[in-house]
Amino acid sequence: MHARTCCLMLACCALTAQAADYVPREPEQWERENAWRLSSSAKTRAHEIELLQRVRAGDSGQTLASLQAVDQDPDLSAPARERLLFEFVNALRHEPPQAVDQRVMQYLAEYPSTVYVPHEDHPRTLVPLFSIGTVTAGVVHGWTREESALRGSLLLARDARELVERYVAATHTPEQRGLLDAMVTATPAQRDEAASVALEGLNETPALAELVGTAALLNEDALMMERLLTHARAEGLHRLLRESARRFEADLNAHLLFTALDQGEPGVASLAIAELAPALMGHAATLERLFVELSVPATGAAAALALAGSADPAVLT
């Protein structure tokens, strides 16, 4: 049997034996300042360096054994131990995903935080000082997003329809976000093709609105945004409309607002008022239209809120 395989099996067996005797620690409440002070230890940096060396060597068994050693180190306080693991996971963001064994990530994802401190805004609520499971999930999501962006770029270069099909089939938000990231580095022609294909499937798959809108904003394609507002549902348009308000000129945003009011479904119309109108309070045609909308049941409340946010006394009287 290969020597490395033997070492891996022995390490895993040792880890399993230790785990059998392991008694989970009970969560404890700490004062934030005291816990943070104790989280700094001379030994933590050495442990982190060793863990990263194990990962880069591709030695998953020894990495797991080193993690177990950290967990059992009597010289590490609970805050120091959990800060060490937290910073180790953060360091893994910069490692290739394939370099880190899934068992290592599972160990970290399931690691129970025991150091709890009062929430800074709600002192009666206790929160983990170092949520190792949460940061592990973030690292995995980041890797998934990066891999998806690379895959998306390859699909766009071959056939935009394949990217749209992949977006529809994606079961995780990070994967969809990665495909949207691929749109940033695509050519305008690739983005336009993807948006046109996505628009065809919008009625069946409302989530494609994000793909259409991202392409339209990156290409500064107001016509595509207009088509989106007439076909989409409100879900998924918040960010796109907010970005449109920032990116496009007032006259163009007013046109998009009127398009949503005249041709969009009620939810889209109300959302367009909420996101586009605040930046158009100095636009005469928009103000006139908002006063008209006050008497429309579906959009009256949104129009009233938008007008109430105006700093112009003439609008409020």
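This note goes through a few local features of the structure, which is a predicted model.

1. **The sheet.** Three strands make up an open sheet. Their order is β1-β2-β3, and the pairing is mixed. At the edges sit β1 (28–29) and β3 (126–128), each of which pairs on one side only.

2. **β1 against β2.** Strand β2 covers residues 115–118. It runs parallel to β1, and two bridges join them. For a specific point to check in the viewer, take Q29: its bridge partner in β2 is Y116.

3. **Aromatic pairs.** The count of aromatic pairs comes to three. One of them is W36 with F130, a stacked pair. The ring centres lie 5.7 Å apart, centre to centre, with 25° between the planes. This pair links distant parts of the chain, as W36 and F130 are 94 residues apart. W36 belongs to helix α2 (residues 32–38). F130 lies in the loop between β3 and α7 (132–158).

4. **Exposure of that pair.** F130 has a relative accessible area of 4%, so it is buried, the cut-off being under 20%.

5. Y107 and Y111 are both buried. Returning to W36 and F130, these residues form one aromatic cluster together with F86.

6. **V164 in α8.** Which helix holds V164? It is α8, residues 160–169. V164 is buried: its relative accessible area is 6%. Leaving aside neighbours within four places in sequence, V164 is in contact with A194, V197, A198, L208 and L211. V197 deserves a look here. V164 and V197 are 33 residues apart along the chain, yet their C-alpha atoms are separated by 7.2 Å.

7. **E220, a backbone point.** Most residues other than glycine have a negative phi. E220 has a positive phi, near 50°, and is not glycine. Where is E220 found? It is in the loop between α11 and α12 (222–231). E220 is exposed, with a relative accessible area of 53%. The cut-off for that class is over 50%, so E220 qualifies.

8. **The second largest pocket: space and lining.** About 150 Å³ of space lies in the second largest pocket. Its lining consists of R145, R177, L180, D181, V184, T214, L217, L218, R239, E243 and R247. By class, these residues divide into six charged, four nonpolar and one polar.

9. **The second largest pocket: contributing helices.** Which helices each supply at least two residues of the lining? They are α9 (173–185), α11 (209–218) and α13 (238–247). The largest share comes from α9, with four residues.

Key
Residues numbered from 1 in each chain as written. Predicted model: local features only at pLDDT ≥ 70, side-chain atom pairs only at ≥ 80, totals over all residues. Heavy atoms only, no water. 1 Å grid on protein atoms, 1.4 Å probe; cavity = no way out; pocket = protein on both sides within 12 Å on 5 of 7 lines; lining within 4 Å. Points joined across faces, edges and corners; volume = space filled by probe spheres on them. Nonpolar A, V, L, I, M, F, W, Y, C, P; charged D, E, K, R; others polar. Pairing = 2+ DSSP bridges. Buried < 20%, exposed > 50% of the residue type's maximum accessible area, 1.4 Å probe, protein only. Contact = heavy atoms within 4.5 Å. Phe/Tyr/Trp six-rings, centres within 6.5 Å; stacked < 30°, edge-to-face > 60°.
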